[in-house]
Amino acid sequence: MARNREKPGREPDKTAAEYYELKSDAVNELINANVTNTKPVDPKELKKYRRKSILNLPEGLKYFLLKWWFAGVVCWFFMIGLSPYGINTLDMIVIMGVVTGLLWDLPVNAFIRLKAETKDYGRYMMLPKTGVIAGALNVVYGIVLIFLTAMTYNAVNAALGTGNGEGAIGVGPILFGIFTAGWDWLLLQCKKLGGAMLADAKKSAAQAGGTTKKK
């Protein structure tokens with residue numbers, strides 16, 4: 001027979017439930033949480049708990065460097081790699097533009113969608129949608145970027161008075177990437193400005209229509 005270890009005047013041992021005040025309502029709320037019954041969390045609040053990198057760069061600058069790197073890769077493997085084959089300038093622009101557009105459509109845009117701090121990642125992409133049509137349009141956009149980059153080289157050399165002769169700035173991955181990513185950034189700013197102007201025009205038209213109906 002087990003000996004009763006309780007001494008006279010000693011309080012009986014408490015159960016675990018008596019020691020801890022269990023928040024059963026909070027536990028049930030956490031278990032049953034889903035998209036429909038959970039309030040959205042402010043992105044600024046989520047940012048506090050994200051792991052910060054050693055170089056805490058602004059979001060726009062990170063994507064600029066990403067595009068600069070990929071454009072430099074295109075220059076290295078295609079412009080420099082195919083130069084011994086004597087491909088003419090126009091064909092080279094098309095080839096490099098197609099590759100650039102595919103890179104913009106797949107790894108670059110996918111990375112931006114994955115790492116963007118807000119859902120407004122379209123401001124970092126010319127064509128934020130996915131699919132075959134978006135991919136084809138990104139290819140056209142890549143050709144436009146490479147064409148503008150080639151024209152930039154010509155303009156800089158012309159301004160320096162070197163043309164394509166001795167002393168002209170050669171095509172290299174670093175500068176090529178800067179020109180390509182720079183044109184991409186400039187065109188994105190034009191897209192942003194055009195979108196704002198269009199939104200203002202629609203708002204003004206809606207207000208004018210409402211005023212006309214009241215009269």
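Asn109 sits in helix H5, residues 89–115 (helices are DSSP runs of H or I, at least four residues, numbered from the N terminus). This is a predicted model, where local features need pLDDT of at least 70 and side-chain atom pairs count only at pLDDT 80 or more, while totals for chains, interfaces and linings use all residues. Residues are numbered from 1 along each chain as its sequence is written, and side-chain values use heavy atoms, with hydrogens and water left out.

Asn109 is buried, at 2% relative accessible area (buried means under 20%, with a 1.4 Å probe and protein chains only). Setting aside neighbours within four places in sequence, Asn109 contacts Trp104, Met125, Leu127 and Asn138 (contact means heavy atoms within 4.5 Å). A polar atom of the Asn109 side chain lies 3.1 Å from the backbone oxygen of Trp104.

## The nonpolar core

Trp104 turns up again in the largest nonpolar core, a set of 24 residues; Val108 and Phe70 are also among those with the most contacts inside it. (Such a core joins buried Ala, Val, Leu, Ile, Met, Phe, Trp, Tyr and Cys residues through side-chain atoms within 4.5 Å.) H5 gives the most to this core, with 8 residues. Beyond neighbours within four places in sequence, Val108 touches Leu66, Lys67, Phe70 and Leu103.

Technical notes: Helices (H or I, at least four residues) and strands (E, at least two) are DSSP runs, numbered from the N terminus. Buried means under 20% relative accessible area, exposed over 50%, partly exposed in between (1.4 Å probe, protein chains only). A polar contact is a pair of N or O atoms within 3.5 Å; within protein, one must be able to donate a hydrogen and the other to accept it, and residues adjacent in sequence count only if both atoms are side-chain atoms.
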